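Work through the exercises below with the sequence and the model open. Try each task before reading its solution.

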Amino acid sequence: MTLAVLALRLVVCTLALPMFLLNLLGVWSWVCKKCFPYFLKRFTVMYNEQMASRKRELFSNLQELAGPSGKLSLLEVGCGTGANFKFYPPGCRVTCIDPNPNFEKFLFKSVAENRQLQFERFVVAAGENMQQVADGSVDAVVCTLVLCSVKNQDKILREVCRVLRPGGAFYFMEHVADEPTTWNFFWQQVLDPVWFLVFDGCNLTRESWKALERAGFSKLKLQHIQAPLSWTLVRPHIYGYAVK
């Protein structure tokens, strides 16, 4: 890390010192957990508008994973407000997991708006420990804008592999670190500690593709793109799917 990054990071962190102090006292995390769903509800409307074509492309072959009954069993990890529901095929059986119980009322609003789906349950749990979901019990796992904030990427991907049936697929869309030579990466490094606090554990500089590459999937289709988003810091994205 360059001296310039360290110097600017110190300035930014000094300005944000009250937040860090509140975090040490355990207050900031509580506030974030309460308020973050309200922010994410607004953000995902914008995100879906700007990323709709990519999401439709990503989820276009979901129905092909359905079992003999024709019903697709899908687990969404880090479901948030249910922003992906509109992109899932009709009749899809959906189970949702999120560690923040404050998303529940927003999630059920999305369920009511997407009657074409068969919603099964909402589980309050971290993706790294999905013990409520049986081994090999789902056809597909979906994870969007989640790997940036999980505590242990390798562990959550092991859990994904555990719950997927043989031949099942993991679908992902994540913002990631930019190319190291870019100014955007420079500012990602500068702002990362404060961003982490403001956006409930989100990291700007994660190279999530590396965790996917070492997860042991039989097939990995992954693309790097610059997403057409208003927020420059989160434009670097990866998306694709991996087959168990």
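**Exercise 1: Overall build**

Buried residues make up 51% of the 244 residues of the protein, where buried means under 20% relative accessible area, exposed over 50%, and partly exposed in between (1.4 Å probe, protein chains only). The model is a predicted one, in which local features need pLDDT of at least 70 and side-chain atom pairs count only at pLDDT 80 or more, while totals for chains, interfaces and linings use all residues. Residues are numbered from 1 along each chain as its sequence is written, and side-chain values use heavy atoms, with hydrogens and water left out.

Task: state the secondary structure of the protein and the order of its elements.

Solution. 
- Step 1. The protein has seven helices and seven strands; helices (H or I, at least four residues) and strands (E, at least two) are DSSP runs, numbered from the N terminus.
- Step 2. Read from the N terminus, the order is α-α-α-β-β-α-β-β-α-β-α-α-β-β.

Task: compare the radius of gyration of the protein with that of a compact globule.

Solution. 
- Step 1. The radius is taken over C-alpha atoms, and the globule rule is 2.2 Å times the number of residues to the power 0.38.
- Step 2. For 244 residues the rule gives a value near 18 Å, and the protein has 18 Å, which agrees.
- Step 3. Along the principal axes, the C-alpha atoms fill a box of roughly 60 × 35 × 35 Å.
- Step 4. Contact means heavy atoms within 4.5 Å. Among contacts between residues at least 6 apart in sequence, 74% join residues at least 24 apart.

**Exercise 2: Salt bridges**

Solution. 
- Step 1. Apply the criterion: a side-chain nitrogen of Lys or Arg within 4 Å of a carboxyl oxygen of Asp or Glu.
- Step 2. Asp200 is partly exposed at 22% relative accessibility, and Lys33 is partly exposed at 31%.

Task: work out which elements the bridge between Arg165 and Asp139 ties together.

Solution. 
- Step 1. The side chains of Arg165 and Asp139 form a salt bridge of 2.7 Å, N to O.
- Step 2. Arg165 belongs to strand β5 (residues 164-175) and Asp139 to strand β4 (residues 138-144), so the bridge joins parts 26 residues apart in sequence.
- Step 3. Arg165 is partly exposed at 23% relative accessible area, whereas Asp139 is buried at 8%.

Task: describe the bridge between Arg162 and Glu159 and the network that includes both residues.

Solution. 
- Step 1. The closest N and O atoms of Arg162 and Glu159 are 2.8 Å apart.
- Step 2. Both residues lie in helix α5 (residues 153-163), three residues apart, about one turn of the helix.
- Step 3. Arg162 is partly exposed at 23% relative accessible area, and Glu159 is buried at 12%.
- Step 4. Salt bridges link Asp135, Glu159 and Arg162 in a network.

**Exercise 3: Single residues**

Task: locate Gly136 and list its contacts beyond four places in sequence.

Solution. 
- Step 1. Gly136 is in the loop between β3 (118-124) and β4.
- Step 2. Gly136 is partly exposed, at 34% relative accessible area.
- Step 3. Its contacts, leaving aside neighbours within four places, are Arg162, Val163, Leu164 and Arg165.
- Step 4. Gly136 and Leu164 are 28 residues apart in sequence, yet their C-alpha atoms are 4.6 Å apart.

Task: is His237 buried or exposed, and what does His237 touch?

Solution. 
- Step 1. His237 lies in strand β7 (residues 236-243).
- Step 2. His237 counts as buried, at 2% relative accessibility.
- Step 3. Not counting residues up to four places away in sequence, His237 touches residues including Tyr47, Met51, Leu145 and Met173.

Task: examine the phi angles of Leu145 and Asp200.

Solution. 
- Step 1. Most residues other than glycine have a negative phi.
- Step 2. Leu145, not a glycine, has a positive phi of about 55 degrees. Leu145 sits in the loop between β4 and α5 and is partly exposed at 23% relative accessibility.
- Step 3. Asp200, also not a glycine, has a positive phi of about 55 degrees.
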